[in-house]
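Work through these exercises with the structure in view. Try each task before you read its solution.

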Amino acid sequence: MDINEYQRLSLRTLNKDLTIDEQISNMIMGISGESGEVADHIKKAFYQGHQLDRKHILEEIGDLMFYVVNLATLFDISMENVLEYNVEKLQKRYKNGFTSEESITSAYIKKANPDVLINIVDATNLSRSLFFTTQLLEL
């Protein structure tokens, strides 16, 4: 099954007796609740000695997807577009893949909001350095 088919089929169980605002609120609360259930199950397995039940996680992620997909639907956004946009955004943000160094530096610069930045470029790794320079320009 592809994501667009799932999005279409999940409409069958959307509560159409609610107003649009109520449906949106229901989806947001559902996302919060179901992601909490996934986190709670993993927390119990990692820190409290419970068995990790992959089938339970599968079920909860499925429930979470119902709410995510229908929230997108309520805003007339296809999940295919959501996924494509997210991949493009991440490829732009982390051209060479994720690094903690770039993530921390970027977050610090955004928070500190300096008047001036000095960017020292490493010629031995020019491709990465120039990419980071373009990221700095976008901040």
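**Exercise 1. How many salt bridges does the structure hold? Work out how far apart in the helix aspartate 40 and lysine 43 are.**

Step 1. This is a predicted model. The structure holds 3 salt bridges.
Step 2. One of them joins aspartate 40 to lysine 43. Their closest N and O atoms are 2.9 Å apart. The cut-off for a salt bridge is 4 Å, so this pair qualifies.
Step 3. Both residues lie in helix α2, 3 residues apart. That separates aspartate 40 and lysine 43 by about one helical turn.
Step 4. Recall the general rule. An α-helix has 3.6 residues a turn, so residues three or four places apart point the same way.

**Exercise 2. Classify how α2 and α3 are oriented to each other.**

Step 1. Helix α2 covers residues 20–47. Its axis and that of α3 are 9 Å apart, at an angle of about 155°.
Step 2. Angles over 145 degrees count as roughly antiparallel. Therefore α2 and α3 are roughly antiparallel to each other.
Step 3. Sort the contact residues of α2 with α3 by class. There are 15 nonpolar, 7 polar and 4 charged.

**Exercise 3. Classify how α1 is oriented to α3, then to α4.**

Step 1. Begin with helix α1 (residues 3–10) and helix α3 (residues 54–74). Their axes come within 9 Å and cross at roughly 85°.
Step 2. The range 65 to 115 degrees counts as roughly perpendicular. So α1 and α3 are roughly perpendicular to each other.
Step 3. Find the touching residues. Ile3, Tyr6, Gln7 and Ser10 in α1 meet residues of α3, including Gly62, Met65 and Phe66. By class, this contact of α1 with α3 has 6 nonpolar, 5 polar and no charged residues.
Step 4. Turn to helix α4, residues 79–93. The axes of α1 and α4 are 8 Å apart, and the angle is about 140°. α1 and α4 are therefore oblique to each other.
Step 5. Here Ile3, Asn4 and Gln7 of α1 meet Met79, Glu80 and Leu83 of α4. The classes are 3 nonpolar, 2 polar and 1 charged.

**Exercise 4. What span should helix α5 have, at 1.5 Å a residue?**

Step 1. Helix α5 runs over residues 100–112, which makes 13 residues.
Step 2. The expected span is 1.5 Å times one less than the number of residues. For α5 that should be 18 Å.
Step 3. Compare with the model. The end C-alpha atoms of α5 are 18 Å apart, which agrees.

Definitions and conventions:
Residues numbered from 1 in each chain as written. Predicted model: local features only at pLDDT ≥ 70, side-chain atom pairs only at ≥ 80, totals over all residues. Heavy atoms only, no water. Axes fitted to C-alpha atoms, helices over the stretch in contact; angles between N-to-C directions. Helix = DSSP H or I, 4+ residues; strand = E, 2+ residues; numbered from the N terminus. Parallel < 35°, antiparallel > 145°, perpendicular 65-115°, else oblique. Contact = heavy atoms within 4.5 Å. Nonpolar A, V, L, I, M, F, W, Y, C, P; charged D, E, K, R; others polar. Salt bridge = Lys/Arg side-chain N within 4 Å of Asp/Glu carboxyl O.
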